[in-house]
Amino acid sequence: MSYNLLEVDALRAGYLPGFDVLRDVSLRVDEHEVVTILGPNGAGKSTLLKAIAGLLRPRAGHVRLQGEEIGGLAPHLLVPRGVVAVPSGRQVFTDQSVEENLLMGAYHYRKDRNRVSRSIGQAFDRFPELNVLKKRPAGNLSGGQQQLLSIARGLMARPKLMLLDEPTLGLSPLAARSIFGLIAELKQEGVTILMVEKLVKPAAKVSDRMIVMELGAVALEGSAASVRNDPAVLSSYLGKVEPGVTPVG
Amino acid sequence: MPRNPAPLLLSASVLGATAFMRFHLLADLWGTVLILATVAVALSLLTGLSGQVSLGHAALMGVGAYTSGVLAARSGLPIVLCVVAGVAAAAVAGLLLGAPALRIRGQFLALVTIAGGYIFLRVVSELEGTGGDSGLVDVPSISILGTELIPADYVWVAAAVFCLLLIGADNLKRSRIGRSLAAVKDSEVTAAVSGVGVFGAKLWVFCLSAGMCGLAGAVFAHKEGFLAPPFFDLNLSLALIAACILGGISSPTGSGAAAIMLLAPPLILPFVDRRELLYLGPLALAALFFMPDGIAGVARRKGRNGLGSLQPNWKKTEEKDPAPDAHTPASASGLLTIEGLSKSFGEVRALSEVSLKVTPGEIHALIGPNGSGKTTLVDCVTAVLKPDAGTVGIDGRSLSGLPPHLVAGAGVGRTFQSIHTMPSFSVLELAALGAVRESPASPIACVLRLPSSRAHDRGAQRRAAEALAAVGLEDRSAEGAASLSYGQLRRLDIARALAGEPRFLILDEPAAGRNEQEVKELVQLLRRLAACGVGILLVDHHVELVMSVSDRVTVLDEGRTIATGTPDEVRLNSRVVDAYLGSPDETEQQTR
Amino acid sequence: MTLVLQALVSGIGTGAVYALIALGISLTWMVTRTLNFAHGDVLMVGVFASFVALAFGASAVAALVVAVAVGALLGLALEKSVFFPLRKRPGSLTWLLGVVLFAAVLRAAGIALFESRSYPPPFNFGTGGIDLPAGAVVPVQYLWIAGIAIAAAVVLDFAMSRTHYGRAVRAIASSRDVAELMGVNTERIMAVTFAIAAAAGTLAGLLIAPVTFVSASLGWVFTLKGFTAAVLGGIGRIRGALLGGILLGIFEQGLAALEASTGAGWLQAGYRDAAVFLLLIAILVIKPSGLSSSRSEEARYAA
C-alpha cells in the first residue's frame, strides 16, 4: 500500500483555550508536488504550517508522514524525518554569519562532519551570492538575501517535505520573482513543497495544486489553474462581486 | 458594594489578641510581629497588586526606622515629627527605587530593589551618625500626652498601625486605583488605552508602599530603642516575600495574616533566627506550584473572582436591550483626523504617510493584506507606538505626543487584535476598567472609601453593566476574566472600550473568533453605536462584515493607502485586487 | 604609578573572576531572557562542597572537580525543578519569585550548615610576589586567578562561537521557535546551559576565595557583581561579559587604590560595594543594553 507523503486528517489546533484556529483541516500532499495554500488573513494558513511542523500541538486529528503519525511530535524529532519549515518574515539568526546560519540547518546531522561540509559546499554552489557573503552577519543582508538564506538554511536539513510560510512577504517584486524562480527550480528537482502564499497568480505558476482556506477549514481545492481562475478566490478576500460588474482600474 | 469582611475580621482578631499580650516579653514579640506584618501588607500592595517585585522592603523599613531613630536620638525634635520624617524619607526612597520603572520593569526592577537595599545597608554600616555596624542605641521612646510609652504599650501602637493600614490597603485594592494597578500588572498596554497613566500609577504605589514601610520602621525604632543594620537585610525582605506568597500575595489580608503566623518563630526561638528561610523558602516554593493564590486563595468564597471590588447587581438586569442613548457621547461634532502618519521599524517601513478621517456616526473600515500596517496604524493613533511623522487630532485638537492614557481621555477607545489575558479581574471589573477616568476619586478617597470613591464605583459599575449587556456578556459578569473563551474575551475587550464611552472607537479585528450568528450581533452593535454618533474605525478581514457594515473603506498595502471609497468602489479597484492576489507584473514575467 | 600598576593587575585578576560569573549570567540570559537571581548562591554551594571534599581527605584537584560537579548539578536542578515549570505559568514574574526563593533556601541552608563565618580558601596559590619595575609587586595569586579565569572564559567563548552547542545557544537567543524548527532540542539546551553556567560560576567562586574569603551569606554579593559585570558589557554578549567583568574589577581595585593613597574615608570597602551597585542601577536606568549594543535592541530590555 502506498501513502501520500503528507496526510492531514481532521486537524484541530489553536493557541488560546476554547478557540480553535484550525477547526477541521484535511489535505494531502503527494511526493514531488508543490501545493500552495491561499486564503484571507486569519484563515489559519500559518497555524496549519506550525501544527504540521510541530510548533503547535494538534488538539484533535492526525498528521501523517508516509503513513506514520507525526502529530504532536516536537520539531527536533520531525526535522530528522525530513519535515522542515521555513518561517515567514525572513527569520534568519541575525547575530550569526551566513555560514553559521547554514550550519544551523544541518543541526540534526551535525555529528556527520563529512555530510555537513558536503551540504555546505552544495549550498554555496547553488547560491553563489551567499558564498560571497558567508562571513557576514545575516542581520546585515538585504531582505531578499535573507529570504534566500532562510530557504537555503531549510534546504541544508535535506527536507522530504518543505513548508514555506509566505516566502515573499515584504519582498520587492524583483526579489519575490527570484524566490518564485527558486521554488520552480526546487520543484524540478523533486522537492515536495507545501507553502502559504498571498500572491495567487505567481504562486499558481509554480504550483501543482492550490488550496483555499477560510475560517480554519479548507474551502476550495483543485489544480493550480482552476483555483487561480475561480472567482471564489477573490471573493474570499474581498467579498462577492455582483455578477455583470467587471473590475475597473 | 458590600464591604469585604476579611480585613475587619483580621483586625478584630489582632486587637483581641493584643489585649492578652500583657507579659513584657510576649508583648515585645507581638509588637515586632505586627510591625513586620504591616510591612508584608505594604509589600502585598506593591508586588501583589501592581506586579512590581520588590526585594528591598526590609531596607525601606530600615530607612524609616533609621531616619526617625537618628533624628530622635540626635536632634531632640518632637518624636511625632521624627516619625513623620521617617515616613517621608522612606517614601522618597521608594520613589528613587521606583523611578527606574520609567525605563525598566519586571526582573530588572527587582534587581534595582536588591541593589538599592544593599546600598542602604552599606551606607548605614559605614556612617558614624547611625552608630555604624555596632548599632544605634538610645532611641527615645514615643510620649503620648506627656507619658512616655513603655515597651509593652507598643503592642497597641503596632496593632493600631497594622489595622489601619490593612483596612486602608484593602479599600485601595477594591477601589478604582486597585483596578488601575491590577491592570498595570496584567497588561500595561490595556491599562494605558483604558486611561490609566501607567508610569504614574507604578511610581505612586511604590511611594505609598514605601511610606507604609517607613511608618512601620519608625514605630519599630522607638519601640526597640536600638537599631542594627543586619535586621534590615535581604534575609528579612525574602522572609516577607515568602510569607506574602504563602498568604496569597495579591491579598493584603492574606499576606498580613501569614506574616503574623510565620514570622513569629524566628523572633522567639534563637535557633530559628536567621534560618527562617529554611522552612519559609520551601513552603513558599511549594505554594508557588500548588497554591498560587496562597491561603487567601483557598479561603476565598467559591464563585468570588477578580479583585472583589465590584459585584454584579443581579436585580437590575431586567432590561434586555440597553437604550441606544446610553452611549450618547458628550458632543457629536468633530472629526478624528489622521494625517501623514509614518512609522518604520529598523529598515522596514510599516506605514508611509497614511491619512484618513473618521466622522462621528461613521463606520470606516481599514483593510489590507497581512503585514500591510493596519495594527501599526491603530497603535500609532492610540499612542501605543510613537509615529515617526504625522499627526492625529480630534476636533482640530492635536493628540500628537500625548501618552496613551490621555489619548483615551480625549475620547479615543480601542480594542486589541491579540487578547491580553487579565487574570486579576472579574468580567465586570475588567469592563469597569474602561470607565476608570470617569469622575475619578482621589487616592485618599479610595484609601478611606469615601463617598466619592463609592460614587465612582457605582458609575463605573453601571457603565460596565451596560457595556457587557451590549456585547451579550451580562450573565458572565461575576466570572473570572481569564475563564472566558477566546470569542468571549474579544467581546469583553469591546465592552471595556465601550465603558469608557468613547467618541471614537477603534476595533482591531472584532470579528475574529465569532461564528455567523455572533458576527450578525456585532453588525447590530456597530450600527447601534454609529447611530449614537460614535465614529468607528473598523479593522477586520471578515469580508462580509466589512463590506456590509462600512460607510467607507480604506485599503492599506505595504504601509500605504492604495484605495479609499465605498465598499463597492474598493472591491472593484484593480490595485486592491492586485494587492491581494499579486500584480500582473509578477504574473507576466516568466520566472524561469 | 606603582599603585596604579598594582591596582590594574589585581583589578584584572578579580575582574576575570567577575567575568566568569557574568558569563554564566549572560549564558542563561541568552537561552531564557531571564536573569538568574540564584547564580551566586548556587556557586557558593559548589564552593562549600569543596570544603566538604577536602575535609574527607580529597586532593585539591578532586575537591575542585567535586565542587564544579555539585555546582553544575545544582544549576540543572534549578532549571528543571523551579525555573522551567514556573516559566510557563501565567503571572509574568512567578518564575522570578521561584528562583529567588530557591536562592534563599540555598543561602539559609549554607548559613545553617556552615554558619555565616568566613572560611579560609579551599585552594591557595601562594603568597609570593613578582617584582615589577617602579617598585610594584604583583601577588602571584592574582596571576593564577587571572590566568585560570581568563583561560576558562576563552574556552567558553570558543565553545560559543565554534561548536554546535554554542551556535544552538545563539540561535535560541535570536528566536527560540526558529531554533526549534532547525531541529534544536531547546529544552535540553536550556538545561545544559544552566549547568554550564553554574559550573563556570563555581570555578569563579573557587578562584576568588583566596582573595575575599567566602561565607554562605556572600552568594548574593556575587550575584549582584555578576549582574553588574554582565549588564556593564551588555547582557547576552559573551565578550561583553568578559569586558564588563574586567572593567568592574579595575573599577573596584582602582577605588581601593585611591583610598589607600588618599586615605579618603568615603572610599572604605563598604562604600566601594555601594558604588558598584550604584553603578549597576545607573547602567540599568541609563542604558539597559550595556556599553556595547545598538539602540534598537534596547526595547528588548525594557520587557
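This is a predicted model: local features need pLDDT of at least 70, side-chain atom pairs count only at pLDDT 80 or more; totals for chains, interfaces and linings use all residues.
Local features here need pLDDT of at least 70 and side-chain atom pairs count only at pLDDT 80 or more, while totals for chains, interfaces and linings use all residues. Residues are numbered from 1 along each chain as its sequence is written, and chains are lettered from A and ligands numbered from 1 in the order in which they are written.

Me: Why is strand β3 of chain A called largely enclosed?
Reply: A residue is buried if 20 or more other C-beta atoms, placed from the backbone, lie within 10 Å of its own; it is exposed if 12 or fewer do, and partly exposed in between. Five of the five residues of β3 (residues 34–38) of chain A are buried, so the strand is largely enclosed by the rest of the structure.

Me: What makes both faces of β3(A) covered?
Reply: In a regular strand the side chains alternate between the two faces of the sheet. V34(A), T36(A) and L38(A) lie on one side and V35(A) and I37(A) on the other, and all are buried.

Me: How do you know which strands pair with β3(A)?
Reply: Strands are DSSP runs of E of at least two residues, and helices are runs of H or I of at least four, numbered from the N terminus. Two strands pair if DSSP finds at least two bridges between them. Four bridges join β3(A) to the parallel strand β8 (residues 192–196) of chain A, where V196(A) is the bridge partner of I37(A). Strand β9 (residues 209–214) of chain A also pairs with β3(A) in the parallel sense, over four bridges, and V212(A) is the partner of L38(A).

Me: What makes β4 and β7 of chain B edge strands?
Reply: Four strands of chain B form an open antiparallel sheet in the order β4-β3-β6-β7. Strands β4 (348–358) and β7 (397–398) each pair on one side only. Within this sheet, five bridges join β3 (residues 336–345) to β6 (residues 389–394) of chain B, and L336(B) stands opposite I394(B).

Me: Why is helix α15 of chain B called largely enclosed?
Reply: Seven of the eight residues of α15(B) (residues 374–381) are buried, so the rest of the structure largely encloses the helix. Among the buried residues are L377(B), V378(B) and C380(B).

Me: Why is helix α1 of chain C called roughly perpendicular to helix α9 of chain C?
Reply: Axes are lines fitted to C-alpha atoms, for helices over the stretch in contact, and angles run from 0 to 180 degrees between N-to-C directions. Angles under 35 degrees count as roughly parallel, over 145 as roughly antiparallel, 65 to 115 as roughly perpendicular and the rest as oblique. The axes of α1 (residues 2–32) and α9 (residues 219–233) of chain C come within 8 Å and cross at roughly 80°. Therefore α1(C) is roughly perpendicular to α9(C).

Me: What makes residues of chain B and chain C count as in contact, and how many do?
Reply: Two residues are in contact if their C-beta atoms, placed from the backbone, lie within 7 Å. On this basis 39 residues of chain B are in contact with 39 residues of chain C. Helix α5(B) gives the most to the side of chain B that touches chain C, with 14 residues.
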